[in-house]
Amino acid sequence: MSDTPIDRIAQATPPAVARRITGLSDRSIAWLFVAPSIVLLLAVNIFPLIWTIRLSFTNFRVNRPNAEIEFIGLQNYRRILTDPDIWLTMQATAHFLIWTIVLQVLLGFSLAYLINKKFRGNDLWTTLIVLPMMLSPAVVGNFWTFLYQPQIGLFNYAVSFFTGADPSSFSMIANVNLAPWAIIIVDTWMWTPFVMLICLAGLRSIPDSIYEAAECDRASKWRQFWTITIPLVLPFLMLAVLFRGIENFKMFDLVVQLTGGGPGSVTELTSINLKREAFEKWRTGYASAYAVILFVTVFGLASIYVKALNKVKQR
Amino acid sequence: MSSYSVTEPSLRQKWFAGTLVILYAVVTILPLVWIITTGFKSPSDAIAYPPKIVFEPTLEGYVNLFTTRTRVSEETLQQLGEPKTWYERIVRKDGLVIAGPSRFGERFTNSVIIGFGSTVLCIVLGTAAAYAFSRFRVPLKDDLLFFILSTRMMPPIAVAIPIFLMFRSLGLSDTHAGMILLYTAVNLSLSVWLLKGFIDEIPIEYEEAALIDGYTRFQAFYKVVLPQAATGIASTAIFCLIFAWNEYAFAVLLTSGTAQTAPPFIPTIIGVGGQDWPAVAAGATLFLVPVMVFTILLRKHLLRGITFGAVRK
């Protein structure tokens, strides 16, 4: 037998290859690895969703398990879409969504723009600004009711300090006109850093050479901002809006703890309204139809939006 | 003189930007500072007007958080003699005695068990799925990935009705196992998407080299890919942990006693005439500070985690 290195390698290889061949094929490994996740999601997400759709055509009530379940067709859907209270809820949700997005985009982009000036210590301050975002909305929301208390609350004190208004003269949570703003303020406080981080990534992705070229062409700073910075950050900004939109459409924990939907129902967003129908009034069939409508709305709006986002990206 | 650059902001711009950002940071951090300091205030200091910035720190809030107390008559109080421990001394000042431990310890432990349990499951399932999606030709790959992501778009309340019914018939409602399974399903989309991103970044050549050297696919997976993906797996795990830790909607609907986590419990801590704010703040501090520490540790991967890997810095 010859003893060159090549021959030694050749001799060493066969058993290993044999071991590999007796192992599972790539195809079966792929399925083995993916299947558990898919099964779990089918069981905990899709199966309940199908069940919800089925329930939405019935008059089932969880608190009356012995009553006969009747299929009532589209009646639940018709009742929801003609209910004026639900339209009020939708309006409250839209108000909340639009204002939180507008404020967070303005503040978040401005902060990112300023941080991108690379002043000394910007990393430290960025980390501090980001902190509220990761905290439990329920626990933080509950504590904000303390900050919002008339007289003793820190928020009211700060407002009176700067405006001279009597701190016990207004209650952010109990006043019908102020409560929608109370939830917008806290949500903006929590989630501005999210928009800021995404914008910062966008700003940092713009190569310096583009600005240098613009400078050679004697474009003004103002012009550079509108024709370079904004268009290049736009896809990032739109992504941030998508995330915030979906999250705030689902908004539940923060607002439940802050206002509980009140006073009256001025801050009763769709999720809170739905919870009330499903788990307080126990109108299961009706609430299921409501849930289906909400899901179709989110999914539909999100898909249209993603299409628009892809168009902007391609430009 | 250093080379002139048109993109380098002037010193004046830097000062201006720095001042505004620091101002915002101070305002934004104030409510968090207020939570932490209120935990060390006495009940009367907590509701003082104007709000007290300088105060005498006390552990009363923490004692109230962990105990239940009852009022006893003057004579009984005298019969008991001197308080034996520092926390009894704090309680006695108000003419109360400690009746027993509060529920907070249990609720906090539940949060830890459910948080870590679901994180481990999420990482195991997620790493396997992410590896398969990253390396193999899975039929309908894009559709499956989108399906996994879309489960995140549903409002929790919308799926809560059938899950409530399902858990009730399976005997899973208000159990640790049920909540662990549920949170795993909720966070799986995040774990698969993030981990796929991290594994995509590992050059496939390493595994090919290992396969040629005679490793099986499994060996290549856990001896080559897993060590390379360790940082990614660790940061994904922290994200799953934080989201499970913070979850409120399912917790408040599906648990009431044995498996209740801390977020639905903390807002229910009440004292005389409403919420006992120092105790609530003490509970909130214990609950939030670990997350703040993790956020600081994770700052480099933060953006990636919260955008499901869509934005990578």
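Modeller: This is a predicted model. The domain assignment of chain A lists domain 1 (5–55) and domain 2 (77–314). Between the C-alpha centres of domain 1 of chain A and domain 2 of chain A the separation is 41 Å.

Colleague: Which residues of the largest nonpolar core touch the most other members?

Modeller: That core holds 157 residues, and F143(A), I198(A) and C199(A) have the most other members in touch with them. Helix α8 (residues 179–204) of chain A contributes the most to this core, namely 16 residues. Each of domain 1 (5–55) and domain 2 (77–314) of chain A supplies at least three residues to this core.

Colleague: What is I198(A) in contact with, neighbours within four places in sequence aside?

Modeller: The contacts of I198(A), with those neighbours left out, are F236(A), L239(A) and A240(A), together with L303(B), T307(B) and V311(B) of chain B.

Colleague: How does one read a helix such as α13 of chain A?

Modeller: An α-helix has 3.6 residues a turn, so residues three or four places apart point the same way. Helix α13 (residues 284–314) of chain A, with 31 residues, reaches 45 Å from its first C-alpha to its last, close to the 45 Å expected. Among the buried residues of α13(A) are T284(A), Y290(A), L294(A) and V298(A). Their cover includes α10 (221–249) of chain A and α8 (156–170) of chain B.

Colleague: Why does F133(B) count as buried?

Modeller: F133(B) counts as buried because 24 C-beta neighbours lie inside 10 Å, the threshold being 20 or more. F133(B) belongs to helix α6 (residues 104–135) of chain B.

How values were computed: Residues numbered from 1 in each chain as written. Chains lettered and ligands numbered in written order. Predicted model: local features only at pLDDT ≥ 70, side-chain atom pairs only at ≥ 80, totals over all residues. Helix = DSSP H or I, 4+ residues; strand = E, 2+ residues; numbered from the N terminus. Expected span 1.5 Å × (residues − 1). Buried ≥ 20, exposed ≤ 12 C-beta atoms within 10 Å, placed from the backbone. Contact = placed C-beta atoms within 7 Å. Domains from an automatic or database assignment. Core = buried A, V, L, I, M, F, W, Y, C linked by C-beta atoms within 7 Å.
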